[in-house]
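I opened this notebook to record what I looked up, going from the chain as a whole to single residues. The entries follow the order in which I worked.

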Amino acid sequence: KLDKTSGLRLINQKVIVSDSLPDMAVGVYFILRNLPGTEEFYLCWTDAYRRKKVFNLLMDEDGNVLVDWHIAYDYSDEDPEDVKGIDGVVDADGNLYIIYSQGETEPVLGGYPTFGWFNHDYLGVEGEGTTTPPVVLLTASPNPSCGGVQFILSTNETTTLKVFDLLGRQVSSVEISDGTGFWNGTAYSGEKLPAGVYTVVCAPNVFHRFSLLN
């Protein structure tokens, strides 16, 4: 930490991340973003050469950890995968929105990116402690499927799911009523979609991958 007026060094080599230290590379693998109107910062990074996870913590201007590091996104069970580029902005409410390349289907940052976000209140910056958000599960059955697929949301809500192919293109949508919906494997045009892996998305952190067979 340097004094912005004199340039004098105030803090040198302070340990921020400890205990089972995940690798952190400097550059496009690491971002530090200020929360507006505060001296608090989001720190996000990918795990360097392994590049299968995104980590996050909250710290103050002196490097004191306010919300300890945790794994925000984990793609280690998906092969291949290469999370190697990351960027992000903070809105006026203090929510951090990140964008990162996901090498299996999104080859470059800015090409077919993956989005995520960290809620200011969820991280416990304001109020007393943190609030655990409700867990929303989205499943597909059968998976893989030779024809129709039933989607089930654990919240029993009514919404519209979006279906994407491996190139990140939206190819269809599915109406969900009372937590369930049925899709016959066709595109918007009514034509049968080719065999492959598709992703159905309800919200940024609520999605499910499934396979269509011929």
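**Entry 1: the chain as a whole**

Reading from the N terminus, I find that the elements of the protein chain run β-β-β-β-β-β-β-β-β-β-β-β-β-β. I count zero helices and 14 strands in the protein chain, where helices (H or I, at least four residues) and strands (E, at least two) are DSSP runs, numbered from the N terminus.

I note that this is a predicted model, in which local features need pLDDT of at least 70 and side-chain atom pairs count only at pLDDT 80 or more, while totals for chains, interfaces and linings use all residues. Residues are numbered from 1 along each chain as its sequence is written, and side-chain values use heavy atoms, with hydrogens and water left out.

Of the 214 residues in the protein chain, 35% are buried; buried means under 20% relative accessible area, exposed over 50%, and partly exposed in between (1.4 Å probe, protein chains only). The accessible surface of the protein chain, by the Shrake-Rupley method with a 1.4 Å probe, comes to about 12200 Å², and 53% of that belongs to carbon and sulfur atoms. I also looked up the contacts (heavy atoms within 4.5 Å): among those between residues at least 6 apart in sequence, 41% join residues at least 24 apart.

**Entry 2: aromatic pairs**

How many aromatic pairs does the structure hold? I find six aromatic pairs, a pair being rings of Phe, Tyr and Trp (its six-membered ring) with centres within 6.5 Å; planes under 30 degrees apart count as stacked, over 60 as edge-to-face and the rest as tilted.

One of them is formed by Phe55 and Trp69, which are edge-to-face at 5.7 Å centre to centre, with 70 degrees between the planes. Phe55 lies in strand E3 (residues 53-60) and Trp69 in strand E4 (residues 65-74), so this pair ties together parts that are 14 residues apart in sequence. Phe55 has a relative accessible area of 3% and is buried.

I then looked at Phe151 and Phe210, an edge-to-face pair with 5.3 Å centre to centre and 70 degrees between the planes. This pair links distant parts of the chain, with Phe151 in strand E9 (residues 149-153) and Phe210 in strand E14 (residues 206-212), 59 residues apart. Phe151 and Phe210 are both buried, and ring pairs link Phe151, Trp183, Tyr198 and Phe210 into a cluster.

**Entry 3: Gly148**

Where is Gly148 placed? I find Gly148 in the loop between strand E8 (138-141) and E9, and at 27% relative accessibility Gly148 counts as partly exposed. Leaving aside neighbours within four places in sequence, Gly148 is in contact with Pro142, Phe182, Trp183 and Asn184. Gly148 and Thr186 are 9.1 Å apart in space, C-alpha to C-alpha, and 38 residues apart in sequence.

**Entry 4: an open sheet**

I traced an open sheet of four strands in the order E11-E10-E13-E14, with antiparallel pairing; two strands pair if DSSP finds at least two bridges between them. Strand E11 (170-176) and E14 are the edge strands, each pairing on one side only. Strand E10 (residues 159-164) pairs with E11 in the antiparallel sense over six bridges, and the bridge partner of Leu161 in E11 is Val174.

**Entry 5: cysteines**

My search of the whole structure finds zero disulfides, a disulfide being a pair of cysteine sulfur atoms within 2.5 Å. Cys44 is buried, with a relative accessible area of 1%, whereas Cys202 counts as partly exposed at 21% relative accessibility.
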